Amino acid sequence: MKIVELDAVSKAYHTGAALDNVSLEIAAGERIVILGPSGCGKTTILRLIAGFIAPDTGSISLGGELVAKDGSIIKPPGQRNLGMVFQDLALWPHLSVKGNIEFGLKAKGLPADARARRIRQVLDLVGMSDFAGRKPAELSGGQQQRVALARSLALEPRVLLMDEPLSSLDQELNVRLRREILRLQETLGFTLLYVTHDRDEAADIATRVITMSRGKVLAK
Ligand SMILES: Nc1ncnc2c1ncn2[C@@H]1O[C@H](COP(=O)(O)OP(=O)(O)O)[C@@H](O)[C@H]1O
Ligand SMILES: [Mg+2]
């Protein structure tokens, strides 16, 4: 069964067409990288899958279930069980590292002891156990990305969506965190959908690269 399916999806903003008749299928456990230059529609695909926007035409299914079709959202973001690490989806500045991770767990209704256990687990996974009490402003960019990753993984998503998560980091840290993302994916087995404009990153991370240009999928 396909865990993510886009069938003939088109999407335009007032600025013009962003996606033109895009179809793609992703199987559980794949590490897909969507590669293409700035403006080609990569973020739009992730926002459609996450449920922040609806396709103008075409349909989107997750785990075989229809979640959006022809201008309508059938399942809102909160019901899609996806994790997201977006470039511009910042941590809550007023909450500690622990508070940031706990936020989604509370919303999900997890009791306090289960929340504490899950927070310990994910901080350990990303190597941030010593930083639970820090505020985001007291962390480096790489540490903030680790926390964002931990926050997503804590919710045990079936698919993790990552939008250029490492592009603001220097090369050395970028390569190090790539390794960690790979290790986490291999350990936990989630499906990864990772967007980048960097060929190196794509080759390193993907089990399959989907190439895009100007709103169209070129190769998959
Ligand atoms: N909210 C928006 N309003 C208007 N135009 C947008 C919006 N978001 C994206 N676009 C336009 O849609 C196209 C695709 O954008 P995007 O999906 O963000 O590309 P990428 O992530 O590959 O850089 C671009 O031409 C962009 O300018
Ligand atoms: Mg983008």
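Predicted model: local features only at pLDDT ≥ 70, side-chain atom pairs only at ≥ 80, totals over all residues.
Colleague: Fine by me. Which residues sit around ligand 1?

Modeller: The shell consists of Y13, H14, T15 and A18, then P37, S38, G39, C40, G41, K42, T43 and T44.

Colleague: How does that shell split by class?

Modeller: Seven of its residues are polar, four are nonpolar and one is charged.

Colleague: And which element gives the largest share of the shell around ligand 1?

Modeller: That is helix α1, residues 42–50, with three residues.

Colleague: Let's get down to atoms. What lies 2.6 Å from an oxygen atom of ligand 1?

Modeller: A backbone N or O atom of G39 does. C40 also takes part through its backbone, with a polar atom 3.2 Å from a ligand 1 oxygen. From K42 it is the side chain, where an N or O atom is 2.8 Å from an oxygen atom of ligand 1.

Colleague: How much of ligand 1 does the protein bury?

Modeller: The protein buries 65% of the 560 Å² that ligand 1 exposes when taken alone.

Colleague: Nice. Switching to pockets: what is the volume of the largest pocket?

Modeller: It comes to about 630 Å³. The lining has 20 residues, and L82, M84, G104, R151 and L155 are the closest to the pocket's centre.

Colleague: Which elements give two or more residues to that lining?

Modeller: There are β7 (82–86), α2 (97–107) and α4 (141–154). Of the elements, α2 gives the most to the largest pocket, namely four residues.

Colleague: Which domains does the lining of the largest pocket draw on?

Modeller: Domain 1 (1–81 + 158–220) and domain 2 (88–156) each give at least three residues to it.

Colleague: OK, on to the second largest pocket. How much space lies in that one?

Modeller: About 240 Å³. Its lining has 16 residues, with Q87, A90, L91, Q144 and Q145 nearest the centre.

Colleague: Which element leads there, in terms of the largest share of the lining?

Modeller: For the second largest pocket it is α4, which supplies five residues. By class, the lining of that pocket divides into nine nonpolar, five polar and two charged residues.

Colleague: And which domains does the second largest pocket draw on?

Modeller: Domain 1 and domain 2, with at least three residues from each in the lining.

Colleague: Which residues line the largest cavity?

Modeller: V85, Q145, R146, L149, M162, P165, L166, L177 and I181 line it. By class, seven of these lining residues are nonpolar, one is polar and one is charged.

Colleague: What do the helices supply to the largest cavity?

Modeller: At least two lining residues come from each of α4 and α5 (171–188). The largest share belongs to α4, with three residues.

Colleague: And by domain, where does the lining of the largest cavity come from?

Modeller: Domain 1 and domain 2 each provide at least three of the lining residues.

Colleague: Last topic, the backbone. What is the phi of N21?

Modeller: N21 has a positive phi, about 55°, although it is not a glycine. This residue lies in strand β2, residues 16–27.

Colleague: What about E156, positive or negative phi?

Modeller: Positive, at about 45°, and E156 is not a glycine either.

Colleague: Where does E156 lie?

Modeller: E156 is in the loop between α4 and β8 (159–163).

Colleague: Great, that covers my list. Thanks!

Technical notes:
Residues numbered from 1 in each chain as written. Chains lettered and ligands numbered in written order. Heavy atoms only, no water. Near = heavy atom within 4 Å. Polar contact = N/O pair within 3.5 Å; in protein donor to acceptor, adjacent residues only side chain to side chain. Areas by Shrake-Rupley, 256 points an atom, 1.4 Å probe, with all protein chains shown as cover. Nonpolar A, V, L, I, M, F, W, Y, C, P; charged D, E, K, R; others polar. 1 Å grid on protein atoms, 1.4 Å probe; cavity = no way out; pocket = protein on both sides within 12 Å on 5 of 7 lines; lining within 4 Å. Points joined across faces, edges and corners; volume = space filled by probe spheres on them. Domains from an automatic or database assignment.
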